[in-house]
Amino acid sequence: MFVSLAHAAAGAPAGGAAGDPTGGVLGMLMPLVLMFAVFYFLLIRPQQKRAKQHRAMLDALQKGDYVITSGGLLGRILEVENNIFTIDLGDSKVRVPRGYITGTYDPKELNKIEPSSENNK
């Protein structure tokens, strides 16, 4: 008896006519589509943009550029052999694959670091 009362009280679906199921399906899919759009514009697209800029930076590297490796080493490129760079670290030279270069730097800007307040005591 209670089941038949519940069905009778439910009435027509909110999305459209009584026999039209498209409003309900569209209403259920809309939040998923909106969530995907938000994730795309906030997470996926910026990451793809950064990856594209990193690839362009790696392709533009040449002999004499100052680079930073993923291990934190700073040096100057001496040789480029396919995907291997020979980097001068000052007292030593290392060979690093292209994928381990994270960025470039300007040595003139690096030397302009102001002394910390600890030295002024």
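Let's start with Thr69, which sits in strand β1, residues 66-69. Strands here are DSSP runs of E with at least two residues, helices are runs of H or I with at least four, and both are numbered from the N terminus. The model is predicted, so local features need pLDDT of at least 70 and side-chain atom pairs 80 or more, while totals for chains, interfaces and linings use all residues. Residues are numbered from 1 along each chain as its sequence is written, and side-chain values use heavy atoms, leaving out hydrogens and water.

**Exercise 1.** Work out whether Thr69 is buried or exposed, and list what Thr69 touches beyond four places in sequence.

*Solution.* Step one: buried means under 20% relative accessible area, exposed over 50%, and partly exposed in between (1.4 Å probe, protein chains only). Thr69 has 8%, so Thr69 counts as buried. Step two: a contact means heavy atoms within 4.5 Å. Leaving out residues up to four places away, Thr69 touches Ile87, Val96, Tyr100, Ile101 and Thr102.

**Exercise 2.** Place Asn83 in the chain and describe its surroundings.

*Solution.* First, find the loop between β2 (74-81) and β3 (84-88): Asn83 is there. Next, the relative accessible area of Asn83 is 48%, so Asn83 is partly exposed. Then look for partners: with residues up to four places away set aside, Asn83 touches Val96, Pro97 and Arg98. Finally, Gly99 lies 16 residues from Asn83 along the chain, and their C-alpha atoms are 8.1 Å apart.
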